[in-house]
Amino acid sequence: MIDMLRADKAFASEYLRTALEDLDNPEDRAIGLMALRHVAEAHGGLALIAREAGISREALYRSLSAQGNPTLKTLLAVLHAVGMRLSAVPAAPSETAPAGVTENTPSP
């Protein structure tokens, strides 16, 4: 996996984008964090990425663990260090509709 992430930036970007969608669900949050860790490992290893991101190696290991809880600053710094950035896309209608309202339900 690390070799594929290193060799193909488009693959790494899509892998990370898909995995980071799991950050919304606390039960699946580890998937997104571990994907970011894999991408960091593919781009020189955690020690190098920590140095480029301006954080300690130990803090990065903790942040990008299955139980990690990185700050926005850490996420942005790591993404920048691996040549990526954070972006947003609209949520699917079912993810944003109030309870009892479906896509086809007329609004009051």
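Start by selecting L16, L36, V39, I49, L60, L64 and M84: among the 22 residues of the largest nonpolar core, these touch the most other members. A nonpolar core here is a set of buried Ala, Val, Leu, Ile, Met, Phe, Trp, Tyr and Cys residues joined through side-chain atoms within 4.5 Å. Buried means under 20% relative accessible area, with exposed being over 50% and partly exposed in between (1.4 Å probe, protein chains only). Helices α2, α3, α4 and α6 each supply at least two residues of this core, and α3 gives the most, with six. The helices are DSSP runs (H or I, at least four residues; strands would be E, at least two), numbered from the N terminus. In soluble globular proteins, nonpolar side chains tend to be buried together.

Before moving on, a word on what you're looking at: this is a predicted model, where local features need pLDDT of at least 70 and side-chain atom pairs count only at pLDDT 80 or more, while totals for chains, interfaces and linings use all residues. Residues are numbered from 1 along each chain as its sequence is written, and side-chain values use heavy atoms, with hydrogens and water left out.

Now zoom in on L60. Which residues is L60 in contact with, leaving aside neighbours within four places in sequence? They are L46, I49, A50, I55 and V78; contact means heavy atoms within 4.5 Å.

**Next stop: α2 and α3**

Select residues 9–20 for α2 and 29–42 for α3. Their axes come within 8 Å and cross at roughly 160°. Axes are lines fitted to C-alpha atoms, for helices over the stretch in contact, and angles run from 0 to 180 degrees between N-to-C directions. The pair is therefore roughly antiparallel; the cut-offs are under 35 degrees for roughly parallel, over 145 for roughly antiparallel, 65 to 115 for roughly perpendicular, and oblique for the rest. To see where they meet, show A12, Y15, L16, A19 and L20 in α2 with I31, G32, A35, L36, H38 and V39 in α3. By class, that contact has nine nonpolar, two polar and no charged residues. Ala, Val, Leu, Ile, Met, Phe, Trp, Tyr, Cys and Pro count as nonpolar, Asp, Glu, Lys and Arg as charged, and the others, Gly among them, as polar.

Stay in α3 and click on A42. Is A42 buried or exposed? A42 is buried, with a relative accessible area of 4%. Beyond its neighbours within four places in sequence, A42 is in contact with I2, L5 and R6. Try the distance tool too: A42 and A12 are 30 residues apart in sequence, and 9.1 Å apart in space, C-alpha to C-alpha.

**Last stop: α4 and α6**

Select residues 46–53 (α4) and 72–81 (α6), whose axes come within 9 Å and cross at roughly 110°. These two are therefore roughly perpendicular to each other. Here I49, E52 and A53 in α4 meet A77, V78 and A81 in α6, a contact with five nonpolar, no polar and one charged residues.

Within α6, the buried residues are T74, L75, A77, V78, L79 and A81. Their cover includes α2, α3, α4 and α5 (57–63). Pick out T74, which counts as buried at 11% relative accessibility. T74 touches I55 and S63, not counting residues up to four places away in sequence. Finally, step just past α6 to G83, which takes a positive phi of about 80°.
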